[in-house]
Amino acid sequence: MNQQLTDFYVKPTSDIFIKFLFGKEEHKPILIDFINAVMKNSGFPLITDLVIKNPFNIQTILNAKETILDIKAKSSDGRWIDIEMQNSDQGFFGERALYYWTALYGDQLVTGQNYATLRPVICINILDFKMFKDVDPYHLCFMLREKDAPELLLTDHLALHFLELPKITDYNLDKSLDSWLYYLKNEGLNKEDDIMENILKNNPQIANAREKYLSFTQDEHMREAYESHIKWKRDYESALFFAEQKGLEIGTEIGTVKGRHEEKFETIMRLQKYRMQPEEIADITSLTPEKVKAVIAAGDKGLDLLIGEDATKH
């Protein structure tokens with residue numbers, strides 16, 4: 001099977017491939033197998049079936065260039081599951097993970113429902129960087145436990161899993177999670193990989209994932225979407241770096257008021273093009289989120305709003 005790899009390399013941990021692999025309805029058995037590998041490794045109940053709530057849509061990706069390509073699913077026993085791939089450490093990822101858990105948990109309630117209808121939310125974060133550098137385990141799971149009596153669990157409704165790929169170098173292939181993480185780190189890299197060959201022979205759903213990888217790399221539209229999204233992310237990260245540099249300049253320079261506001265306006269308009277949230281732009285430019293939203297809504301007139309009043313945070 002390895003000899004079927006194409007010369008077109010797709011990074012298996014790219015968020016667009018992860019979304020393709022785990023986010024298509026017909027790929028559901030692959031997703032279930034991966035989730036159960038994580039659940040088994042933590043000693044949690046396995047899932048038997050699920051519904052994918054935001055299935056993969058190539059046209060959406062081509063048109064919107066989404067920054068977040070997570071997978072949301074609901075298991076047959078009522079648990080909500082969110083899977084996200086993160087390739088670089090942009091800081092505050094713990095807070096970000098908790099924020100997404102909060103959104104998924106809170107969105108369950110609609111008018112007239114009570115708290116008894118809430119179901120557990122499990123977030124699985126696959127990280128291509130070391131988030132917890134001072135500990136060795138590659139799989140960490142955080143829950144709500146009492147500080148001095150960790151055996152006392154407040155509720156099982158929160159579970160944040162972090163899988164840190166760079167930490168794992170020794171693989172126990174008797175563990176399904178180790179096999180999955182080896183696959184995600186090494187797919188497409190080497191046509192002569194005995195470990196991969198062994199994994200493909202012994203795990204039918206990882207072998208199924210290999211077939212999906214091959215179909216992705218051989219499909220012209222998927223390749224176009226992958227290259228387009230990679231370019232978009234590169235431009236986004238460049239814009240973020242530009243904004244951070246401008247933010248430093250804005251905070252330290254002693255230029256004219258107009259000059260400083262022109263810097264802020266340019267930064268706001270550049271970042272909103274890449275769908276950065278007003279709250280994130282506000283942190284960079286030292287404005288309130290409300291002022292950022294007003295500037296974006298005003299378009300070319302937004303600079304006048306900045307010059308016309310002191311909108312800086314105090």
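**Sheet, helices and nonpolar cores of the predicted model**

Strands β5 and β6 (residues 153–164) are paired in the antiparallel sense through six bridges. The structure described here is a predicted model. Within this pair of strands, Leu 140 is found opposite Phe 162 of β6. Both strands belong to an open sheet of six strands, arranged in the order β1-β2-β3-β4-β6-β5 with mixed pairing. The edges of the sheet are formed by β1 (50–52) and β5 (139–145), each of which pairs on one side only. On average, and with direction ignored, neighbouring strands of the sheet are turned by 20 degrees against each other.

One of the helices, α4 (residues 93–106), lies across β2 (71–75), β3 (80–86), β4 (121–127) and β6. Relative to β6, helix α4 runs at about 130 degrees.

The largest nonpolar core comprises 52 residues. The members that touch the most other members of this core are Phe 22, Phe 34, Ile 35, Ile 83, Ile 124, Trp 180 and Tyr 183. Helix α2 (residues 28–42) makes the greatest contribution to the core, supplying eight residues. The surroundings of Ile 35 illustrate the packing: when neighbours within four places in sequence are left aside, Ile 35 is in contact with Ile 47, Leu 50, Ile 81, Ile 83 and Ile 124.

Across the protein chain of 314 residues, 46% of the residues are buried. Among contacts in the chain with a separation of 6 or more, 65% are made by residues 24 or more positions apart. The protein chain exposes about 16500 Å², of which 51% is supplied by carbon and sulfur atoms.

Cys 123 is classed as buried because its relative accessibility, 1%, falls under the cut-off of 20%. Cys 141 has a relative accessible area of 27% and is therefore partly exposed, as this value lies between the limits of 20% and 50%. The structure holds zero disulfides.

Methods:
Residues numbered from 1 in each chain as written. Predicted model: local features only at pLDDT ≥ 70, side-chain atom pairs only at ≥ 80, totals over all residues. Heavy atoms only, no water. Core = buried A, V, L, I, M, F, W, Y, C linked by side-chain atoms within 4.5 Å. Buried < 20%, exposed > 50% of the residue type's maximum accessible area, 1.4 Å probe, protein only. Helix = DSSP H or I, 4+ residues; strand = E, 2+ residues; numbered from the N terminus. Contact = heavy atoms within 4.5 Å. Pairing = 2+ DSSP bridges. Axes fitted to C-alpha atoms, helices over the stretch in contact; angles between N-to-C directions. Areas by Shrake-Rupley, 256 points an atom, 1.4 Å probe, with all protein chains shown as cover. Disulfide = S-S within 2.5 Å.
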